[in-house]
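Hello,

Here is the structure I promised to pass on. My notes follow below it.

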Amino acid sequence: MRAAAAIAGLFALFAVPFWVIPAYDAEAAGFWQHIFVTIFVFAAMACAWNILGGFAGQLSLGQTIFYGIGGYAAALMNQHFGLIPWIGMFAGAAVSVVVAVLIAWPCLRLRGPFFTLSTIAFLEVIRLLAIHFKDWTGGSAGLPVPMFVGTELRIGWSWMLFREKENYLVIAFGLLVLALIASWLVRRSRLGFSLVAVREREDAARAVGINTTAVKLSAFAISAGLTSLVGSFHGIYLNFIDPETMFSLPTAIQVAMFALIGGLGTVSGPIWGTLLVVPIAEAARGWLGAGANGLHGLVYGVVLVAVVLTMPHGLVGSIGPWLRRRFGAARAVDPTRIAAPVTGDAIARPPIGPVILEAQGLTRRFGGLIATNDVSLTLREGEVLGVIGPNGAGKTTLFNLLSGFLPPSAGTLRVMMPDGSWVTPSAPHAFAAAGVARTFQIVQPFAGLSVLENVMLGAFHQTRSATEARRIAEEVATRCGLGALLLAEARSLTVGGAKRLEVARALAMGPRILLLDEVMAGLNPADVTAAVELVKAVRDSGVAVIAIEHVMAAIMAISDRIIVINSGRMIAEGTPDEIARNPAVIEAYLGEDYVHVAA
Ligand SMILES: Nc1ncnc2c1ncn2[C@@H]1O[C@H](COP(=O)(O)OP(=O)(O)OP(=O)(O)O)[C@@H](O)[C@H]1O
């Protein structure tokens, strides 16, 4: 239904300038067809930009680097080697992808405004290079697109040069459809989910095994390649290219603005944004005339301010959900595919297996503070290891070391793979690949995504297929008591729900080792009981668990062994009974009150 509406909408968008306007007013057709070519070009660029800026949240203002590379590649290969622009177009896209990776590598180390500024800096450098190498580029004087060989006019599809505007419309529209399809495919793929996860919460994305650098680089490269294709065409269409136009910061800002106005991170938003602003700006340019040259820029500003104030999620981001609520059927989850929530010991507990994680002398310093001091531990297959200790003892730091979020200052750590070999992972995604999943003490949901999508992000660690990830996510989320909330936004969950979501997302990764950081803190007694049952069920499915917990009744109930950390050091290790009677632990953490209550 939505696909049919989208195809009909696209067809109408093409039909208006191609058939309707020429039939209605043949004289004005040329002008309007030029406007629509401009709309298609900018909409295609905005769709391409949105893959990086919208999905991944990396607000680059340097994307016209690739528009310029595309434009110059097609024109220069035409001028110097007599090649048709189609070859230059794809060669330019290939060059743009390489340049994108080279530029993204340093830029993506920066965050927020620093990333944006670095992309502007690269744009300026490349613009200056284009001016400097004037033997090739014509310098700041620019370069006309060659139209003649001798006296013969090179016209037709091969040379992308036409007398009739209709042909340009076809190519520009084709590029828009290409960018739109690419954007749609990316958004619904594992890469798209990963990009959104990176945008929402980078640490949580790393915890579900996403190589954040790799996915951001991919978005940068895809966006650059598409932008370059559009640049090649537009350079030829304009018949003239110069560094000021092709490597233009104002154009880069406009393109980002179209996506912002239409709805950042939505697939169709960039098209709606372009459709709204370009005609208004072009009409204003016509009305204001040459005397007020440049004043049409004011129109962009006014529309931007109006949309940001009234619709902070952009046109599609604000109107889309309203339309879905009003007219669309809510996307239901098939109840026959939902597993029952965990209610108790469903299967017999398998015997505890061999050691699968081993840490020796783990130490982590923060300046003069030693947060984790010479901690050694082992974890066996199917075992639950409890970690307790006073606030600030170094428990979370230990988890960060065990999951790759912090490198140790000293000590070693290794994990056994399913084939029996040992590995020493060094980054969160490598730990995830080795079968280690973790939750966070301060919950880290991907707030703008649904519960189902959050858990799918964990499931994507097991599969590339979105259908399969959805199936796994539905099952795991329901086991964790989230069956009724699959389509709710993660930000709307209660503390208990958010804690369950943390566990579900980690479990959906299919881990062999699960690190639970205070998942029972702040829960009511009924939720604690449910959480204890859940951890037991996870253990019984053969997963080894390390759990940090302050809820003593719970940690005593689930743990096979407990280690006690105090001031970064491990002060005791033993069964729950041994720990409860250990004088050093009573003094440092449990207190006499606990002993009396427990007795
Ligand atoms: N990134 C950091 N930079 C500097 N100091 C840190 C950092 N992370 C933790 N610390 C310090 O290391 C010590 C141990 O902190 P950690 O969070 O590991 O304790 P914890 O046992 O998990 O505490 P709680 O039970 O309150 O969560 C604390 O003194 C903390 O302030």
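**Helix packing and the ligand shell**

Helix α2 crosses α10 in a left-handed way (left-handed: the near helix is turned anticlockwise from the far one by less than a right angle; right-handed if clockwise). Helices here are DSSP runs of H or I with at least four residues, strands are runs of E with at least two, and both are numbered from the N terminus.

This is a predicted model: local features need pLDDT of at least 70, side-chain atom pairs count only at pLDDT 80 or more, and totals for chains, interfaces and linings use all residues. Residues are numbered from 1 along each chain as its sequence is written.

α2 covers residues 29-55; its axis lies 8 Å from that of α10, at an angle of about 165° (axes are lines fitted to C-alpha atoms, for helices over the stretch in contact; angles run from 0 to 180 degrees between N-to-C directions). That makes the pair roughly antiparallel (over 145 degrees; under 35 is roughly parallel, 65 to 115 roughly perpendicular, the rest oblique).

α10 (residues 212-238) also meets α8 (residues 190-200): the axes come within 10 Å and cross at roughly 110°. α8 and α10 are therefore roughly perpendicular. Their crossing is left-handed.

Now the ligand. Residues around the ligand include F366, N391, K395 and Q441 (C-beta atom, placed from the backbone, within 6 Å). β6 (369-380) and α16 (395-402) each give two or more residues to this shell. α16 gives the most, with three.

Regards
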